[in-house]
Amino acid sequence: MIEMAPSLALLVLVAVLVGAGVVLVLERSLSRIVIGSGLITYGVNMLFLLAGGRAGLPPIIGQSEVDEMADPLPQAMVLTAIVIGLALTAFILAMSYRSWQLNGNDEVQDDREDRRIAIDAARDVVSDRVTDDSGATLDEQAATVYDETEDMPGAEVDDR
(Lines give C-alpha, C1' and ligand atoms only; values in the text may rest on other atoms or scores of the structure.)
Protein backbone atom coordinates (compact mmCIF):
# COMPACT_ATOMS: atom_id res chain seq x y z
CA MET A 1 0.00 0.00 0.00
CA ILE A 2 1.30 3.43 -0.96
CA GLU A 3 1.41 6.04 1.77
CA MET A 4 -0.60 9.08 0.59
CA ALA A 5 -0.33 11.33 3.67
CA PRO A 6 1.09 14.74 2.67
CA SER A 7 3.83 16.36 4.66
CA LEU A 8 2.60 18.99 7.12
CA ALA A 9 5.68 21.13 6.49
CA LEU A 10 4.95 21.22 2.76
CA LEU A 11 1.31 22.16 3.40
CA VAL A 12 2.46 25.04 5.62
CA LEU A 13 4.88 26.10 2.89
CA VAL A 14 2.01 26.12 0.36
CA ALA A 15 -0.12 28.22 2.71
CA VAL A 16 2.71 30.71 3.31
CA LEU A 17 3.49 31.03 -0.42
CA VAL A 18 -0.13 31.54 -1.44
CA GLY A 19 -0.86 33.89 1.48
CA ALA A 20 2.18 36.06 0.82
CA GLY A 21 1.35 36.04 -2.88
CA VAL A 22 -2.20 37.23 -2.29
CA VAL A 23 -0.97 40.06 -0.07
CA LEU A 24 1.53 41.16 -2.72
CA VAL A 25 -1.00 40.94 -5.58
CA LEU A 26 -3.28 43.35 -3.71
CA GLU A 27 -0.57 46.06 -3.76
CA ARG A 28 -0.53 48.89 -6.33
CA SER A 29 3.04 48.37 -7.54
CA LEU A 30 3.25 46.14 -10.60
CA SER A 31 6.65 44.77 -9.53
CA ARG A 32 5.06 43.53 -6.28
CA ILE A 33 2.20 42.07 -8.27
CA VAL A 34 4.73 40.14 -10.38
CA ILE A 35 6.39 38.73 -7.28
CA GLY A 36 3.01 37.90 -5.75
CA SER A 37 1.75 36.10 -8.83
CA GLY A 38 5.00 34.11 -8.89
CA LEU A 39 4.56 33.09 -5.26
CA ILE A 40 0.96 32.04 -5.89
CA THR A 41 2.07 30.04 -8.93
CA TYR A 42 4.79 28.23 -6.95
CA GLY A 43 2.40 27.54 -4.08
CA VAL A 44 -0.29 26.09 -6.33
CA ASN A 45 2.30 24.02 -8.20
CA MET A 46 3.51 22.62 -4.89
CA LEU A 47 -0.09 21.83 -3.95
CA PHE A 48 -0.59 19.94 -7.22
CA LEU A 49 2.52 17.87 -6.57
CA LEU A 50 1.37 17.14 -3.02
CA ALA A 51 -2.03 16.06 -4.31
CA GLY A 52 -0.37 13.71 -6.78
CA GLY A 53 0.99 11.50 -4.03
CA ARG A 54 4.46 10.14 -3.58
CA ALA A 55 6.97 9.72 -6.35
CA GLY A 56 7.03 6.41 -8.18
CA LEU A 57 8.39 4.65 -11.18
CA PRO A 58 7.71 5.99 -14.70
CA PRO A 59 4.15 5.19 -15.82
CA ILE A 60 5.12 2.94 -18.71
CA ILE A 61 3.11 -0.24 -19.09
CA GLY A 62 5.22 -3.35 -18.81
CA GLN A 63 8.15 -1.78 -16.97
CA SER A 64 6.64 -1.75 -13.49
CA GLU A 65 3.56 -2.65 -11.50
CA VAL A 66 0.65 -0.23 -11.47
CA ASP A 67 0.95 0.28 -7.70
CA GLU A 68 4.53 1.48 -8.09
CA MET A 69 3.85 3.98 -10.91
CA ALA A 70 3.76 7.73 -10.39
CA ASP A 71 0.66 9.65 -11.42
CA PRO A 72 1.64 11.71 -14.51
CA LEU A 73 -1.39 14.02 -14.37
CA PRO A 74 -0.12 16.35 -11.60
CA GLN A 75 3.24 16.61 -13.32
CA ALA A 76 1.58 17.55 -16.62
CA MET A 77 -0.59 20.12 -14.84
CA VAL A 78 2.45 21.65 -13.14
CA LEU A 79 4.32 21.88 -16.43
CA THR A 80 1.34 23.64 -17.97
CA ALA A 81 1.08 25.97 -14.98
CA ILE A 82 4.78 26.84 -15.28
CA VAL A 83 4.29 27.89 -18.90
CA ILE A 84 1.18 29.93 -18.08
CA GLY A 85 2.94 31.53 -15.10
CA LEU A 86 5.90 32.48 -17.27
CA ALA A 87 3.60 34.06 -19.86
CA LEU A 88 1.74 35.96 -17.13
CA THR A 89 5.00 37.20 -15.65
CA ALA A 90 6.21 38.39 -19.06
CA PHE A 91 2.91 40.20 -19.67
CA ILE A 92 2.94 41.97 -16.31
CA LEU A 93 6.60 42.93 -16.72
CA ALA A 94 5.80 44.41 -20.14
CA MET A 95 2.93 46.42 -18.60
CA SER A 96 5.21 47.53 -15.79
CA TYR A 97 7.89 48.68 -18.21
CA ARG A 98 5.35 50.60 -20.29
CA SER A 99 3.90 52.19 -17.17
CA TRP A 100 7.41 53.19 -16.15
CA GLN A 101 7.98 54.79 -19.55
CA LEU A 102 4.70 56.74 -19.47
CA ASN A 103 4.40 57.71 -15.82
CA GLY A 104 7.82 57.28 -14.26
CA ASN A 105 6.53 54.64 -11.85
CA ASP A 106 4.90 51.23 -12.00
CA GLU A 107 1.90 51.86 -9.78
CA VAL A 108 -1.60 51.03 -10.90
CA GLN A 109 -3.61 54.25 -11.00
CA ASP A 110 -7.28 54.66 -10.16
CA ASP A 111 -9.52 54.69 -13.18
CA ARG A 112 -11.28 58.07 -13.42
CA GLU A 113 -14.42 56.54 -14.89
CA ASP A 114 -14.65 54.03 -12.04
CA ARG A 115 -14.18 56.85 -9.54
CA ARG A 116 -16.93 58.92 -11.24
CA ILE A 117 -19.33 55.97 -11.19
CA ALA A 118 -18.56 55.32 -7.52
CA ILE A 119 -19.20 58.98 -6.65
CA ASP A 120 -22.46 58.97 -8.63
CA ALA A 121 -23.54 55.76 -6.94
CA ALA A 122 -22.81 57.29 -3.55
CA ARG A 123 -25.01 60.30 -4.43
CA ASP A 124 -27.74 58.02 -5.87
CA VAL A 125 -27.27 59.67 -9.25
CA VAL A 126 -27.38 57.15 -12.05
CA SER A 127 -26.64 58.41 -15.54
CA ASP A 128 -28.09 57.01 -18.75
CA ARG A 129 -24.64 55.92 -19.77
CA VAL A 130 -24.31 53.59 -16.81
CA THR A 131 -27.66 51.92 -17.21
CA ASP A 132 -27.60 51.88 -21.04
CA ASP A 133 -31.36 51.40 -21.01
CA SER A 134 -32.64 54.48 -22.82
CA GLY A 135 -35.49 52.67 -24.54
CA ALA A 136 -34.31 53.74 -28.01
CA THR A 137 -34.14 51.32 -30.89
CA LEU A 138 -30.87 50.32 -32.48
CA ASP A 139 -31.50 52.61 -35.45
CA GLU A 140 -32.14 55.56 -33.15
CA GLN A 141 -28.99 54.80 -31.19
CA ALA A 142 -27.00 54.44 -34.42
CA ALA A 143 -28.25 57.83 -35.65
CA THR A 144 -26.93 59.53 -32.51
CA VAL A 145 -23.49 57.93 -32.66
CA TYR A 146 -20.80 60.26 -33.90
CA ASP A 147 -18.98 58.86 -36.91
CA GLU A 148 -15.46 60.24 -36.82
CA THR A 149 -14.65 59.09 -40.35
CA GLU A 150 -17.10 61.63 -41.84
CA ASP A 151 -15.05 64.63 -40.72
CA MET A 152 -11.65 63.36 -41.82
CA PRO A 153 -10.22 65.28 -44.76
CA GLY A 154 -9.43 62.99 -47.65
CA ALA A 155 -11.54 60.15 -46.24
CA GLU A 156 -14.09 59.16 -48.81
CA VAL A 157 -16.54 56.34 -48.40
CA ASP A 158 -16.87 54.05 -51.36
CA ASP A 159 -20.60 53.21 -51.76
CA ARG A 160 -20.25 50.59 -54.48
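Predicted model: local features only at pLDDT ≥ 70, side-chain atom pairs only at ≥ 80, totals over all residues.
Residues are numbered from 1 along each chain as its sequence is written, and side-chain values use heavy atoms, with hydrogens and water left out.

**Overall**

I found six helices and zero strands. Helices (H or I, at least four residues) and strands (E, at least two) are DSSP runs, numbered from the N terminus. Of the 160 residues, 17% count as buried. I looked up contacts, meaning heavy atoms within 4.5 Å. Among contacts with a separation of 6 or more, 51% come from residues 24 or more positions apart.

**α1**

I checked the length of α1. Its 18 residues should span 26 Å at 1.5 Å a residue, and the end C-alpha atoms are 26 Å apart, which agrees. The expected span is 1.5 Å times one less than the number of residues. Next I listed the buried residues of α1: V14, L17 and G21. Seen down the axis, they fall within an arc of 70 degrees, so they line one face of the helix. The arc is that of the directions from the helix axis to the C-beta atoms. An α-helix has 3.6 residues a turn, so residues three or four places apart point the same way. The buried residues of α1 pack against α2.

**The loop**

S29 sits in the loop between α1 (8-25) and α2 (30-51). Is S29 buried or exposed? S29 is buried, because its relative accessible area is 14%. Leaving out residues up to four places away in sequence, S29 touches D106 and E107.

**α2**

α2 has 22 residues and reaches 31 Å from first C-alpha to last, close to the 32 Å expected at 1.5 Å a residue. Its buried residues include L30, I33, V34 and L50. The cover over the buried residues of α2 includes α1 and α3. I then looked at the axes of α2 and α3 (residues 72-103), which come within 10 Å and cross at roughly 180 degrees. That makes α2 roughly antiparallel to α3 (over 145 degrees). After α2 comes G53, with a positive phi near 90 degrees.

Conventions: Buried < 20%, exposed > 50% of the residue type's maximum accessible area, 1.4 Å probe, protein only. Axes fitted to C-alpha atoms, helices over the stretch in contact; angles between N-to-C directions. Parallel < 35°, antiparallel > 145°, perpendicular 65-115°, else oblique.
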